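Here is a short briefing for a first look at this protein. Take a moment with the sequence and the model before reading on.

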Amino acid sequence: MNELLSAVKAPRNPKIPDLKIGDMVSVFVRIKEGNNERVQEFKGTVIAVHESSTTPTFTVRRIASNGIGVERIFLFQSPRIEKVTVQRHSHVRRAKLYYLRERTGKRARLKQKFNK
């Protein structure tokens with residue numbers, strides 16, 4: 001059964017690096033508006049990574065204008081993702097950062113992880 005699923009499954013997008021929870025990322029997505037197509041940047045924090053067998057996804061959260069939080073779920077296999085760049089890594093102690101949904105301002109910040 002697993003062999004059959006792996007034969008049908010779409011390959012992972014090679015433009016997406018290995019992401020960890022707490023990374024600040026910029027996701028460049030191709031958006032289609034009528035006949036035109038453009039690239040839009042979505043910059044935020046990775047709060048969840050779901051590595052399921054059929055559709056692996058990652059969730060990115062950012063704070064929009066007026067302090068409103070916006071979350072977007074991206075597929076690792078999506079051909080619409082132009083590229084993903086990691087700005088910085090953060091020190092986290094959780095597998096999912098859903099607690100950031102209730103936090104605003106300075107309380108929503110994560111400590112940066114520095115390489116030694």
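Which residues do ring pairs link into a cluster? They are Phe 42, Phe 58, Phe 74 and Phe 76. Keep in mind that this is a predicted model.

**Overall layout**

- The protein has one helix and five strands.
- Along the sequence, these elements follow the pattern α-β-β-β-β-β.
- The chain has 116 residues, and 30% of them count as buried.
- The accessible surface comes to about 8300 Å². Carbon and sulfur atoms hold 51% of that surface.
- Take the contacts with a separation of 6 or more: 53% of them are between residues 24 or more positions apart.

**Aromatic rings**

- The structure holds three aromatic pairs.
- One of them joins Phe 42 and Phe 74, with ring centres 6.0 Å apart and planes at 65 degrees. Planes over 60 degrees apart count as edge-to-face, so this pair is edge-to-face.
- Phe 42 lies in strand β2 (residues 36-50), and Phe 74 lies in strand β4 (residues 69-75). The pair therefore ties together parts that are 32 residues apart in sequence.
- Both Phe 42 and Phe 74 are buried.

**Charges over rings**

- The charged end of Arg 12 sits over the ring of Phe 76, at 4.1 Å from the ring centre. Phe 76 is also part of the ring cluster.
- Lys 83 lies over the face of Phe 28. The distance to the ring centre is 4.9 Å.

**The nonpolar core**

- The largest nonpolar core has 21 residues.
- Val 27, Phe 58, Val 60, Phe 74 and Val 84 touch the most other members.
- Strand β2 provides the largest share, with five residues.
- Phe 74 belongs to both the core and the ring cluster. Leaving out residues up to four places away in sequence, Phe 74 touches Val 27, Val 29, Phe 42, Pro 56, Thr 57, Phe 58, Val 60 and Ile 81.

- Glu 71 is found in strand β4.
- Is Glu 71 buried, partly exposed or exposed? Its relative accessible area is 30%, so Glu 71 is partly exposed.
- The side chain of Glu 71 makes a polar contact of 3.1 Å with the side chain of Arg 61.
- A polar contact of 2.8 Å joins the side chains of Glu 71 and Arg 101.
- Beyond neighbours within four places in sequence, Glu 71 is in contact with Ile 47, Thr 59, Val 60, Arg 61 and Arg 101.
- The C-alpha atoms of Glu 71 and Gly 105 are 16 Å apart. These two residues are 34 residues apart along the chain.

**Arg 61**

- Arg 61 lies in strand β3.
- Its relative accessibility is 12%, so Arg 61 counts as buried. The cut-off for buried is under 20%.
- Arg 61 touches Gly 44, Thr 45, Ile 47, Gly 69, Val 70, Glu 71, Leu 100 and Arg 101, not counting residues up to four places away in sequence.

**Two loop residues**

- Where is Asp 18 found? Asp 18 is in the loop between α1 (2-8) and β1.
- Asp 18 has 63% relative accessibility, so it counts as exposed.
- Asp 18 and Val 46 are 28 residues apart along the chain, and their C-alpha atoms are separated by 12 Å.
- Asn 66 is found in the loop between β3 and β4.
- Asn 66 counts as exposed because its relative accessibility is 76%.
- Phi of Asn 66 is near 65 degrees, a positive value in a residue other than glycine.

Methods: Residues numbered from 1 in each chain as written. Predicted model: local features only at pLDDT ≥ 70, side-chain atom pairs only at ≥ 80, totals over all residues. Heavy atoms only, no water. Phe/Tyr/Trp six-rings, centres within 6.5 Å; stacked < 30°, edge-to-face > 60°. Helix = DSSP H or I, 4+ residues; strand = E, 2+ residues; numbered from the N terminus. Buried < 20%, exposed > 50% of the residue type's maximum accessible area, 1.4 Å probe, protein only. Lys NZ or Arg CZ within 6 Å of the ring centre and 35° of its normal. Core = buried A, V, L, I, M, F, W, Y, C linked by side-chain atoms within 4.5 Å. Contact = heavy atoms within 4.5 Å. Polar contact = N/O pair within 3.5 Å; in protein donor to acceptor, adjacent residues only side chain to side chain. Areas by Shrake-Rupley, 256 points an atom, 1.4 Å probe, with all protein chains shown as cover.
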